[in-house]
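This report considers a few local features of one protein chain. The structure is shown first, and the description follows.

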Amino acid sequence: MRILHTEASRGWGGQEIRILTEARVFRAHGHDVHLLANADAEILAAAPRYGVPATAIDLTRKSLGSLQAMRRFLRDWRPDVVNPHSSIDGWMVALARLGLEHRPRVVRTRHISAPIPRNFASRWLYRRGCDFIMTTGEMIVEQLTADRFVAPDHIASVPTGIDTDLYAPGDRARARAALGLPADAWVVGTIATLRSWKGHSYLVDAFARLADPAARLVIVGDGPQEVALRDQVAALGLADRVLLAGRRDDVPTWLAALDVFALASYANEGVPQAILQAMAAELPIVSCPIGGIPECTRDVPSVTLVTPRDADALHAALAAMRATPPSPEMRAAGRARVLDRFSLERMYRTVLGCFEG
C-alpha cells in the first residue's frame, strides 16, 4: 500500500513517536510510506532516524495555500490511504481530496481524550471528512460514540505497539552507574513532555512529603513547564534530590534505573506509551485513571491508580510502594500484558485492517 501520514504538530511527544514507529513498522513490512509535516516540526527532523521519507508542507494554519499544496501532493503521489493526526492537517486532507480522480481512503487517528466540539464543522470532519477513525484507547471510542457523534462501525481502538526487545527489565546497578545516580537510593521517575496536564507539579509536591532522605525523583522530558518545575523544586529545597534530566534518547536506561515509575496526568491522555514502556520493563507504577490508563493497566497488580490532582494520594501510593514493593511476579504481570496486547506486530495487523477497510 501507499500510505501518507500528515501531522500539523510542531512539537515532540508520544503522538509523534507513535506516528514514526508505526510508519517504520509498515515500511519493514514492505509498504510505501511517506510523511508530510511542517518545515520546523520536530517530527520532520526525526523522520530520517526512523527511516521514514518526509516532505515539508505548510500546516501551520488552515489556508488556501496549504490546501492547494496538499491537493497537489495527493494528486501527484496518489496514496491509497492518508492518515491525518491533528486538526489542521485533518481539515486540509478532508478538503483536498474532494473531487480528486484518485480519491484516497482517509483514516484519521485521534490520539488524545480532549473533548471535541459537537458542532456542524466537527460532525462533518469526523463523519464525512474521513472514512474511518482510529483511537489510541477504548475510552476515546466511548467518548466519541456515546452520543452517536461517531457511529460505532466508523471507529476502532488501536493502541500503540511497544518494542518489547528494547523495553525490557534491565540491570539497575549498571544503569545507575551510567547515569550517575546513587546506587543505594530509592528512585522514582517519570518520562513525559513537561506539559501542565501531565501533572509534574503534583508529583513534585507528593515527593516532597516523603520522609526518606535517600529517595530521589528523576524527571525525564522537556517542554513548556520546565521553568515552573525548576522554580518549584528550588522553592521546596529539593535541588539535591530531584533531577530534571531533560529530553533523552536513552529511555530504556532511565527506566532500568528506577524503582517506581509515576505518571500524574490529569487530562487528555490516550494510552501513554511511557506507561506501556514501564510495564514492559517490569516497573511498579503509580498513575491516575485518566484516558486509556485504566484499560491498559487493568488487572496488573503492580499498578496503583490514584485521584488526579491529589498530591496527598500520590504521596500515599509512593510511600506504600516504598514500604512494601510489589513482588517480582506482580511486576512480571505488567510485561505479560504488554506482550499480549501492545506488541508492534499486533499494532501493525490492526492498523492494516483499518487502512484496508
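## Arg78

Arg78 has a relative accessible area of 43% and is therefore partly exposed. In this predicted model, Arg78 is placed in the loop that runs between α3 (64-77) and β4 (81-84). Its phi is positive, near 55 degrees, although the residue is not glycine. Most residues other than glycine have a negative phi.

## Arg309

Is Arg309 buried or exposed? Its relative accessibility is 51%, and the cut-off for exposed is over 50%, so Arg309 counts as exposed.

Helix α9 comprises residues 226-235, and its buried residues are Leu229, Gln232 and Val233. These three lie on the same side of α9 because they cover an arc of only 100 degrees around the axis. An α-helix has 3.6 residues a turn, so residues three or four places apart point the same way.

On the other side of α9, the residues Val227, Ala234 and Ala235 are exposed.

## After helix α9

Gly237 follows α9, and the phi of Gly237 is positive, near 70 degrees.

Notes. Residues are numbered from 1 along each chain as its sequence is written. This is a predicted model: local features need pLDDT of at least 70, side-chain atom pairs count only at pLDDT 80 or more; totals for chains, interfaces and linings use all residues. Side-chain values use heavy atoms; hydrogens and water are left out. Buried means under 20% relative accessible area, exposed over 50%, partly exposed in between (1.4 Å probe, protein chains only). Helices (H or I, at least four residues) and strands (E, at least two) are DSSP runs, numbered from the N terminus. The arc is that of the directions from the helix axis to the C-beta atoms.
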